[in-house]
Amino acid sequence: MNFDTIIIGGGLTGLTAAIASAERGERTAIISAGQSALHFSSGTFELLGAVDGKPVTNPVEAMDRLPDTHPYRRIGRERMLSLLPLVQPLLSRAGIATTGNHYINRYRLTPLGKIKPAWLTLDDFATFDSPDRLPWRSVAIVNIADFQDFYPTFLARGLRDHGVECTISSTSIKELDNLRRSATEMRAANIARVLDYSAVCNLAGRIKSVGRGADAILMPAVLGLADDLMVSLLRRLVNKPLYFISTMPTSVPGVRAQMMLNRYFTNLGGTLMAGDTVTGARLDNGRVEAVFTNNHGPEPLTASRFIMATGSFFSHGLVATPSSVIEPVFGLDVDYPADRADWFSKNIGQAQPFMEFGVRTDDSWHPSIGGNTITNLQCVGSVTGGCNPIKQGCGAGVALLTALDVTTPRL
Amino acid sequence: MTTDTPLSNISPNNFEQCVKCTVCTVYCPVTAVNPLYPGPKQAGPDGERYRLKRGDFYNEALKYCLNCKRCEVSCPSGVRIGDIIQQARMKYSHGSAGLRDRMLAHTDLMGGIATRLSPTVNGILRLTPVKMAMDLTLGIDRHRTFPSYTPRKFTTWFRRHAAAHQERYTRRVTYFHGCYVNYNFPRLGKDFVKLFNACGIGVDLMPGEKCCGVARIANRLIKQATDAARTNLREIRTAVSRGNDVVATSSTCILTMRDEYPHLLGLDNADVRDNIMTATRYLYRLIESGQVRLVFKENGFPYHLAYHTPCHMAKLGWGVYSIELLKMIPGAMVTVLDNNCCGIAGTYGFKKENYKYSQAIGKTLFDSIARENPDFVVTDCETCKWQIEMSTPYRVVNPISILADAIDFEATRQANMQ
């Protein structure tokens with residue numbers, strides 16, 4: 001089966017690259033082994049939240065303080081400035097509405113009531129201009145009765161530190177009674193699947209009555225798994241500022257973003273090979289000729305161009321053995337210290353060096369095998385390493401920007 | 001991959017690779033509608049930890065698993081969650097299948113009897129009092145209508161009208177027709193023969209073909225399933241040794257013979273597994289490599305086709321072949337429905353205790369079909385077809401029948417003459 005571009009990896013990086021390719025009319029396929037880190041999304045696409053432990057307001061300026069190895073430094077300031085304004089419209093074309101500015105961070109509310117920098121945030125999550133002043137005098141925090149993956153007390157404590165009065169209540173509707181019978185499955189995604197039109201109408205009535213008098217209503221993100229119809233419906237019916245707070249995984253807004261990106265890609269004519277794993281490749285003269293997968297067996301999947309967006313350790317883009325770190329699809333060269341003791345810090349709260357390991361690539365993201373560059377393969381997203389998404393708050397940004405860097409022609 | 005230490009563990013079904021991320025629970029069609037089902041993570045790798053210690057930790061609620069394998073498709077860690085659950089059912093479940101489950105499971109035996117008496121059987125099975133009686137005595141839900149049985153089996157038609165002129169083709173394929181084509185819907189088998197013959201491909205049948213066994217596995221008739229599987233594997237090996245691939249128009253038959261035989265029944269099929277495939281994959285590969293050409297009718301095929309990916313097709317990863325073939329048809333507008341389970345899962349949805357869950361699962365799919373409002377829903381699975389036709393006003397057609405309809409038979413035949 002032949003394509004113009006084959007993308008290995010179906011997370012945010014792979015989908016972004018795939019959508020950009022398919023939008024230019026290329027015959028594009030994604031090979032994706034299982035679902036992605038979007039399932040753990042906070043509701044915000046972060047660009048750069050902190051450098052050297054200090055929160056960042058202006059990511060473009062702060063990039064200069066990042067180490068040379070960071071993907072943003074490798075893309076370069078000029079190129080970054082031209083790519084940043086492409087992200088919000090791309091998400092929007094997929095139906096994902098976000099709040100935020102191309103170049104400046106806003107602030108978001110964490111489930112523990114803390115305020116953190118945020119770049120582009122899903123429209124139904126609260127964001128603020130400033131980390132110091134919240135726009136509310138009082139909020140009503142409304143949980144779903146018996147939903148255990150949301151902690152209103154922590155949230156209220158954090159908000160009170162910011163001078164916001166909070167009431168906490170939980171509410172229930174009869175449509176959730178059936179689900180409530182299963183303690184283990186009373187999860188955000190399952191609640192979202194039960195909340196259909198009539199259930200949301202009932203829920204809106206309950207929320208309105210407990211939220212009377214509050215400036216805003218905060219509730220766990222348990223609505224809208226496949227699209228945002230029920231989210232809009234509830235917000236319209238409640239007729240008062242209503243924002244969602246992320247829950248324990250799996251993240252309903254993250255799954256929704258994934259599904260909307262998948263759907264947009266498929267509607268563009270793209271081929272999504274979900275649940276398949278690349279098992280081998282045919283290389284010739286420094287080029288990938290074909291890849292082979294579990295599902296397609298001896299059938300070669302050929303393309304003129306391949307993009308690797310396989311992620312880091314969680315998604316097996318990188319695999320650690322006791323003595324080495326390898327890239328399991330092609331056996332690409334990986335950068336990591338020889339001595340295993342240098343891979344990690346014994347203090348779990350410190351930046352962990354292994355998080356910055358990645359495939360070694362040239363200026364145009366081409367990897368190598370045994371020092372020989374592969375000319376029609378590019379590695380993007382967290383498989384390239386060079387950054388610490390947890391400490392720097394840059395996971396989504398690295399995914400989006402590196403993917404756009406390899407798929408957007410230079411002017 | 002070079003390394004000094006083995007990277008993969010040796011636990012069956014990648015059981016130890018589970019990192020408890022809960023992604024599978026999002027894609028399980030059952031959990032949101034049936035609180036009695038503990039969900040794929042609890043029923044699969046979590047429960048397995050306990051069952052390995054003591055078998056009586058087994059929970060009979062695992063019977064609510066549809067075996068759709070959506071958990072496996074979504075798992076980022078490659079855990080064969082569905083297989084863990086099905087193996088636990090086979091190993092620990094108490095009691096044997098009752099009369100109803102045996103009747104539902106023996107699709108070929110029941111089909112063999114019913115086709116002989118088809119006018120009577122079809123009429124009787126549609127009578128409200130009979131449905132009530134089956135509901136009350138057997139536990140087959142009264143809302144269900146059995147697919148009608150054909151008065152003449154596909155194999156009978158093939159022997160009388162098709163077998164003789166297959167000899168003229170040098171390229172040959174072995175068609176695994178399955179129970180549905182043989183006893184309920186020979187039209188699909190006839191379309192298959194017409195299309196493949198037009199492409200210059202002769203069709204052979206396996207003389208000893210048995211039911212693939214999926215319904216027996218689902219109803220824990222493991223010995224009977226294994227017997228049928230052994231016969232089929234013997235027949236498949238004979239076909240492959242003659243140079244034939246074995247193809248089917250049902251994605252579930254194919255998944256069962258490729259994956260369930262080795263994973264659940266412990267029958268090694270590695271020597272022939274690559275030769276077992278869906279008809280659309282077989283055809284697509286020949287077209288793509290330029291060995292076969294389809295010539296379509298001049299006035300085109302001006303219909304809106306909405307492709308529904310059956311769960312087992314999603315697991316095979318081969319929906320792409322059917323979709324790409326449909327996209328070749330000039331004038332056809334092809335859309336791909338969001339990947340959702342129809343809820344029937346073979347015999348599962350016929351059982352009284354499952355009916356309401358089955359319909360609740362399918363609702364997302366039914367709604368998405370209504371939004372698309374296509375001329376035809378297209379899918380490679382017969383039980384998806386029953387469920388969608390029983391639950392929506394839309395007609396559901398196999399892609400092979402669509403292609404057989406859309407081609408200019410004579411021109412295609414000419415184009416593929418050696």
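**Contacts between domains and chains**

Between domain 1 and domain 2 of chain B, four residue pairs are in polar contact (both at pLDDT 80 or more); a polar contact here is a pair of N or O atoms within 3.5 Å, where within protein one must be able to donate a hydrogen and the other to accept it, and residues adjacent in sequence count only if both atoms are side-chain atoms. By class, the side of domain 1 of chain B that touches domain 2 of chain B has nine nonpolar, two polar and four charged residues. For these classes, Ala, Val, Leu, Ile, Met, Phe, Trp, Tyr, Cys and Pro count as nonpolar, Asp, Glu, Lys and Arg as charged, and the others, Gly among them, as polar.

This is a predicted model, in which local features need pLDDT of at least 70 and side-chain atom pairs count only at pLDDT 80 or more, while totals for chains, interfaces and linings use all residues; side-chain values use heavy atoms, with hydrogens and water left out. Residues are numbered from 1 along each chain as its sequence is written, and chains are lettered from A and ligands numbered from 1 in the order in which they are written.

As for the domains themselves, domain 1 of chain B spans 12–92 and domain 2 spans 304–409, with bounds from an automatic or database domain assignment. Their centres, taken over C-alpha atoms, are 26 Å apart. About 1,200 Å² is buried between them, 64% of it from carbon and sulfur atoms; buried area is the accessible area (1.4 Å probe) that two parts lose on being put together, summed over both. On the domain 1 side, B:Val33, B:Leu66 and B:Arg70 supply 45% of the area buried against domain 2 of chain B, more than any other three residues. There's also one salt bridge across this interface, a salt bridge being a side-chain nitrogen of Lys or Arg within 4 Å of a carboxyl oxygen of Asp or Glu. B:Glu72 and B:Lys315 form a salt bridge, with their closest N and O atoms 3.1 Å apart.

Now for the two chains. Here, 42 residues of chain A are in contact with 46 residues of chain B, contact meaning heavy atoms within 4.5 Å. Chain A and chain B bury about 3,500 Å² between them, with 52% on carbon and sulfur atoms. The interface holds three salt bridges and 19 residue pairs in polar contact (both at pLDDT 80 or more). A:Glu299 and B:Arg285 meet through their side chains in a salt bridge (2.6 Å, N to O). The side of chain A that touches chain B has 18 nonpolar, 18 polar and six charged residues.
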